[in-house]
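Here are some questions and answers for a reader who is meeting this structure for the first time. Each answer sets a value beside the rule that gives it its name.

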Amino acid sequence: PRSPLGSWSSALNFCAPFRIALRALAANTLRSILTMLGIIIGVAAVITMIAVGSGATKRVQEQMKGLGSNIMLVIPGGITAGGVRLGAQTGQGLTEEDALAIAREVPEVQVAAPSSRTGAQVVAGNTNWSTSIFGTTNDYLEAREWPLEGGRAFDAADIQGSAKVAIIGQTVARELFGDVDPLDQVIRVKKIPVTVIGVLSKKGQNSMGQDQDDVVIVPISTYRNRIQGGTAGKLKRIGSISVKVREGQSMKVAEENIKELLRQRFKVQPGAEDPFAIRNLTEILQAQEASSRIMTLLLAAVAGISLIIGGIGIMNIMLVSVTERTREIGLRMAVGARGRDILAQFLIEAVTLSLIGGAIGVLLGAIATWAVGYFAGWQVSMSIGAILLAAGFSAFVGVFFGFYPAHRASKLLPIQALRYE
């Protein structure tokens, strides 16, 4: 069996090159710091850029989750009057029957929820709050994958009887009731008293920065007959249709089928412009997510150039160190050091430079990431993977750029090295 003394001796022999490397680096402290500067900046930049890019990607993913999956929005199109194009939602209006037809006749569609929106001051006791009033059906909550935190959804009697009931978002609940349970409380919407029967779970901001929780949802019939009223209410006009496509079905096919159905219902002539518009919201956010990922890779690649430049600096300094220590190398070889010992010694010095620079860079990267999130208000996400990637790459740079100087030192002849002036 191997003696403890032998194991201790092996450990000392293993640690000796590191002690020698640290002494050699400490002998030229300023030069070592300047050499590590490229690695420090490179590692810090890689960590910060990946954190910023990952934060942007995570933000888009949260928006996609908040929006719901496989979502499309059908809105009225624009019209042209006197040669002037008036823009979206100025043309022939959509109706609740259009939403029913989409849900019934397009097999790829899971639900199609009609909806209309307006703004109003909502009053509860002595408190009031300006918010959005949304008239829709339970299908809208299914399409948006928006569960209730408390209470219940609309029932058939609410829809058919234009019941004076409402489901409110988290922001409205907080602003009107504070810590009081809002369920069964009465609020006034455009002087109409409605009872709160449900509270939505938190959604947060959408891609436009709007607070999705700042909303009061009432049955579409209540909105039409009690809040909107007038001719538009009698015609059952709506502002939009939220369409959720079944899981596994093609969004493109569903979009084409919806377009064909609506063209038939609107009696659009071949070649004529559609009096409606279909926006694939999921594809828009997926494109934003892809852009964020590409930007993350681009920023990391640009930051990685600093690491390569730092590696070139390490190689230059190690070559200078080999030249300065030629007589030392010859003396060590003369007393029995082999070429691989010299190779290992200089390689360890290069890797030590890289690892120390990498450790400082990780610290600076963490500080920079915090500063970006705190002062700029950006969402950042620093992961252990990014830290390990940056540290590992810095060690690789040390090995890659330190190998040539180390190999050159190991090939010196003892006699020539001792005679070097």
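Two strands count as paired if DSSP finds at least two bridges between them. The model discussed here is predicted.

Q: What makes strands E1 and E14 a pair?
A: The rule asks for at least two bridges. Five bridges join E1 (residues 71-76) to E14, and the strands run antiparallel. Five meets the requirement of at least two, so E1 and E14 pair. One of the residues involved is Leu73, whose bridge partner in E14 is Arg279.

Q: Why is Ser32 called buried?
A: Buried means under 20% relative accessible area. Ser32 has a relative accessibility of 10%, so Ser32 counts as buried. The residue sits in helix H2 (residues 29-67). Leaving aside residues up to four places away in sequence, Ser32 touches Leu25 and Leu353.

Q: Why is Val189 called buried?
A: The relative accessible area of Val189 is 0%, and the cut-off is under 20%, so Val189 is buried. Val189 belongs to strand E9 (residues 186-189).

Q: How do you know that Val189 touches Ile227?
A: A contact requires heavy atoms within 4.5 Å. Val122, Ile133, Val194 and Ile227 are the residues that Val189 touches, not counting residues up to four places away in sequence. As for Gln121, 68 residues from Val189 along the chain, the C-alpha atoms of the two are separated by 6.7 Å.

Q: Why is helix H6 described as mostly covered?
A: Six of the eight residues in H6 (residues 170-177) are buried. The buried residues are Gln170, Thr171, Val172, Ala173, Leu176 and Phe177. Just after the helix, Gly178 takes a positive phi of about 60°.

Q: What makes the space beside Glu96 and Arg237 a cavity?
A: In a cavity a 1.4 Å probe fits but cannot get out. The structure holds one cavity of 30 Å³ or more, and the largest cavity has a volume of about 30 Å³. Its lining consists of Glu96, Ser116, Ile220, Tyr223, Arg224, Gln228 and Arg237. Helix H7 (residues 220-228) gives the largest share, four residues.

Q: How many residues of this lining are nonpolar, polar and charged?
A: The lining of the largest cavity divides into two nonpolar, two polar and three charged residues. Glu and Arg count as charged, so Glu96, Arg224 and Arg237 belong to the charged group.

Q: What lines the second largest pocket?
A: This pocket holds about 270 Å³ of space and is lined by 17 residues. Leu100, Pro114, Thr137, Ile159 and Ile220 lie nearest its centre. H3 supplies the largest share of the lining, five residues. The lining of the second largest pocket divides into eight nonpolar, three polar and six charged residues.

Q: How many helices and strands does the chain have, and what part of the chain is buried?
A: The chain has 14 helices and 14 strands. Buried residues make up 43% of its 421 residues.

Terms used. Residues numbered from 1 in each chain as written. Predicted model: local features only at pLDDT ≥ 70, side-chain atom pairs only at ≥ 80, totals over all residues. Heavy atoms only, no water. Buried < 20%, exposed > 50% of the residue type's maximum accessible area, 1.4 Å probe, protein only. 1 Å grid on protein atoms, 1.4 Å probe; cavity = no way out; pocket = protein on both sides within 12 Å on 5 of 7 lines; lining within 4 Å. Points joined across faces, edges and corners; volume = space filled by probe spheres on them.
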